[in-house]
Amino acid sequence: MDKFDLKILKELETNVKISHNQIGKKISRSQQFVDYRIKLMKTKEPDPVFSNQVIINPYKLNMRSFFLLIKLDKLKDSPNFLEKLKKRKNVNWIIKCGYDYDWIIMLTVKKVDELYDFVSSILKIKKVHTYDLKEINKFDMMTHKYITGNLGSIENTVLSEVTDIDGLDKKLLNLLSENLEEKIVNIANKLGVSYKTVQARIKRLEENGVISGYRTFINPRPFNHKTHMITFTSNIKSSTDLEIFMKYIQENKYITDSFEFMGRYSNGIIIRTPKVSNYSNINELIDELRSKVPRLEDVTVRRVFNDSLFKSIIL
């Protein structure tokens, strides 16, 4: 990874839809150069450097999101377990972690019985030792400030007003979820509608907040960054304390994701730090967090080994 790769990632994170030709002009290189560099980053083994994602707000569609935490009997069963998870349409984020659980699965459902069926099917797998379930009330996906220096976030909250969409919208969202970089003309052909219809539909879904944004997910591993998920009870009582906390979350360059849950362990963050940083020890971050949230309790730190497997909900 060199300075041109970083410049390309910065431009993509600023505008996922930017053309390779436009990126070339911004970094003073040819389109062919950009094409080649992006191809290298997308095909890097064992994991791509980045992936472009459409973020669909499930709450706008009257859906609910959860984290299902799973501990397996034997860690060697993880590969088979992972392959089964990938095939489930309700799953939109798979996080491989350590400490008390092996997997954290973000899933989205329309009805409670869908959640029950999903959890029941997981528990039927004899390899599952234990599990926990947390409902997500709000999640923010932030820029990768530690790499690009960009500022910004995409917010999805249970307070979102529900929006009705039709069958064509659902098919369109599914196609965007599967491949955000699919050309609009190809999407139009698959849907049997005109190019302008697809453009208009996407614009409307963006304006009504069903598409809450687009994100270039940057894998921290090629940059030699470690990832942790920290969950805690914030006990925030006043709007002033909440404002201080949210400002800290938004401005800390290493925090890329933030979650609010029902009940105990009310908050969670994902933080990505280099070996040499302000946080030579994760406890230093927790001490800093305590200075922003004086009533902090129930702090749990989990090492994240891979969280690159994200896709928006399939309707």
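**Figure 1. Overall view of the protein.** Of the 315 residues of the protein, 51% count as buried. The model shown here is predicted. Its secondary structure consists of 11 helices and 11 strands. The C-alpha trace extends over about 50 × 45 × 45 Å along the principal axes. For a chain of 315 residues, a compact globule would have a radius of gyration near 20 Å, and the value for the protein, 20 Å, agrees with this. The accessible surface amounts to about 15,800 Å², and carbon and sulfur atoms account for 49% of that surface. Among contacts between residues at least 6 apart in sequence, 75% join residues at least 24 apart.

**Figure 2. Close-up of the contact between helices α7 and α9.** Two packed helices are described by the angle between their axes and the distance between the axes. Helix α7 covers residues 167–178 and helix α9 covers residues 195–207. Their axes come within 11 Å and cross at roughly 85°. An angle of 65 to 115 degrees counts as roughly perpendicular, and α7 and α9 are therefore roughly perpendicular to each other. On the α7 side the contact is made by Leu 168, Asp 169, Leu 172, Leu 173 and Leu 176. On the α9 side it is made by Thr 197, Val 198, Arg 201, Ile 202, Arg 204 and Leu 205. By class, this contact of α7 with α9 has seven nonpolar, one polar and three charged residues.

**Figure 3. Close-up of the contact between helices α8 and α9.** The axes of α8 and α9 are 8 Å apart, and the two helices pack at an angle of about 105°. The pair is therefore roughly perpendicular. Helix α8 contributes Ile 184, Val 185, Ile 187, Ala 188 and Leu 191 to the contact, and helix α9 contributes Tyr 195, Val 198 and Gln 199. These residues divide into seven nonpolar, one polar and no charged. Val 198 of α9 is listed in the contact with α8 and also in the contact with α7.

Figure 4. Lys 190 belongs to helix α8, which runs over residues 184–191. With a relative accessible area of 53%, Lys 190 is exposed. Leaving aside residues up to four places away in sequence, Lys 190 touches Leu 175 and Glu 182. Cys 97 is 93 residues from Lys 190 along the chain, and the C-alpha atoms of these two residues are separated by 38 Å.

Figure 5. Asp 77 has 14% relative accessibility and so counts as buried, the cut-off for buried being under 20%. Apart from residues up to four places away in sequence, Asp 77 touches Leu 72 and Lys 127. Val 128 is 51 residues from Asp 77 in sequence, and the two are 9.5 Å apart in space, C-alpha to C-alpha.

Figure 6. Lys 237 is placed in the loop between β8 (225–233) and α10 (239–251). Its relative accessibility is 65%, so Lys 237 counts as exposed. The C-alpha atoms of Lys 237 and Arg 295 are separated by 9.4 Å, while the two residues are 58 apart along the chain.

Figure 7. Most residues other than glycine have a negative phi, and most peptide bonds are trans. The peptide bond from Glu 45 to Pro 46 is cis, with omega near 5°. Pro 46 sits in the loop between α3 (31–42) and β1 (50–56). Tyr 265, which is not a glycine, has a positive phi near 55°. Tyr 265 is in the loop between β9 (255–261) and β10 (267–274), and at 29% relative accessibility it counts as partly exposed. Asp 298 is not a glycine either, and its phi is positive, at about 55°. Asp 298 is part of strand β11, residues 297–310. With 22% relative accessibility, Asp 298 counts as partly exposed.

Notes
Residues are numbered from 1 along each chain as its sequence is written. This is a predicted model: local features need pLDDT of at least 70, side-chain atom pairs count only at pLDDT 80 or more; totals for chains, interfaces and linings use all residues. Side-chain values use heavy atoms; hydrogens and water are left out. Axes are lines fitted to C-alpha atoms, for helices over the stretch in contact, and angles run from 0 to 180 degrees between N-to-C directions. Helices (H or I, at least four residues) and strands (E, at least two) are DSSP runs, numbered from the N terminus. Angles under 35 degrees count as roughly parallel, over 145 as roughly antiparallel, 65 to 115 as roughly perpendicular and the rest as oblique. Contact means heavy atoms within 4.5 Å. Ala, Val, Leu, Ile, Met, Phe, Trp, Tyr, Cys and Pro count as nonpolar, Asp, Glu, Lys and Arg as charged, and the others, Gly among them, as polar. The radius of gyration is taken over C-alpha atoms; the globule rule is 2.2 Å times the number of residues to the power 0.38. Buried means under 20% relative accessible area, exposed over 50%, partly exposed in between (1.4 Å probe, protein chains only). Accessible areas come from the Shrake-Rupley method with a 1.4 Å probe; for residues, only the protein chains shown count as cover.
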